[in-house]
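Notes follow in the order I took them.

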Amino acid sequence: MNDAAFDYLDDRRADPALAAKLCSHEPRRFCNQVPFLEYLARKGIDIFNRQAVRVLAEAGIWGSIRHHGLLGDTVIVSDDAGQFRVGNHALCWVHAERLLQKLMPATPRQARNV
């Protein structure tokens with residue numbers, strides 16, 4: 001795992017013990033899920049803990065994306081859902097309309113503004 005992957009784990013507030021078990025200077029590549037899970041098991045990580053495995057897999061994928069220079073200056077635009085808070089991200093202003101629909105104008109002018 002590289003710095004981008006560890007940053008991803010930090011951003012997700014993953015258990016620091018998970019990251020500590022994977023701290024290594026040797027790059028790791030996996031052709032599919034089986035060798036990845038075997039590697040985690042050898043490192044003492046409970047591979048039946050779906051949440052932990054998911055966040056580790058996401059961190060690995062994000063680390064690989066950054067390592068290969070993909071998505072360079074791309075900005076991810078979302079409604080602030082956690083799974084989209086990666087790299088450069090911004091909130092989607094379109095979702096602000098949901099709040100406007102909840103406004104209850106008291107005057108005709110306010111109604112027009114809404």
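Entry 1. I started with Leu 9, which is buried because its relative accessible area is 3%, under the 20% cut-off. I kept in mind that the model is predicted. Leu 9 lies in helix H1.

Entry 2. Which residues does Leu 9 touch, not counting residues up to four places away in sequence? I listed Met 1, Ala 14, Ala 19, Val 55, Leu 56 and Ala 59. I also checked Leu 9 against His 68, 59 residues apart along the chain, and found their C-alpha atoms separated by 19 Å.

Entry 3. The axes of H1 and H4 are 7 Å apart, and the angle is about 140°. That angle makes H1 oblique to H4, since only angles over 145 degrees count as roughly antiparallel. I noted the crossing of H1 and H4 as right-handed.

Entry 4. I then looked up the residues on both sides of this contact. H1 brings Ala 4, Ala 5, Tyr 8 and Leu 9. On the side of H4 I found Val 55, Leu 56, Glu 58, Ala 59, Trp 62, Gly 63 and Arg 66. I sorted the residues of the contact of H1 with H4 into eight nonpolar, one polar and two charged.

Entry 5. Next came H3 (residues 33–42) against H4 (residues 50–67). Their axes come within 12 Å and cross at roughly 115°. H3 is therefore roughly perpendicular to H4. The crossing of H3 and H4 is right-handed.

Entry 6. Which residues of H3 meet H4? I found Phe 36, Leu 37 and Leu 40, and they meet Val 53, Leu 56 and Ala 57 in H4. The residues of the contact of H3 with H4 are six nonpolar, with no polar and no charged ones.

Entry 7. Last, I looked up the largest nonpolar core and noted that it has 22 residues. Leu 9, Leu 40 and Leu 56 have the most contacts inside it. Helix H1 (3–11), helix H2 (16–22), H3 and H4 each supply at least two residues of this core. Which helix gives the largest share of this core? I noted H4, with seven residues. As background, I wrote down that in soluble globular proteins nonpolar side chains tend to be buried together.

Notes: Residues numbered from 1 in each chain as written. Predicted model: local features only at pLDDT ≥ 70, side-chain atom pairs only at ≥ 80, totals over all residues. Heavy atoms only, no water. Axes fitted to C-alpha atoms, helices over the stretch in contact; angles between N-to-C directions. Helix = DSSP H or I, 4+ residues; strand = E, 2+ residues; numbered from the N terminus. Parallel < 35°, antiparallel > 145°, perpendicular 65-115°, else oblique. Left-handed = near helix turned anticlockwise from the far one by under 90°. Contact = heavy atoms within 4.5 Å. Nonpolar A, V, L, I, M, F, W, Y, C, P; charged D, E, K, R; others polar. Core = buried A, V, L, I, M, F, W, Y, C linked by side-chain atoms within 4.5 Å. Buried < 20%, exposed > 50% of the residue type's maximum accessible area, 1.4 Å probe, protein only.
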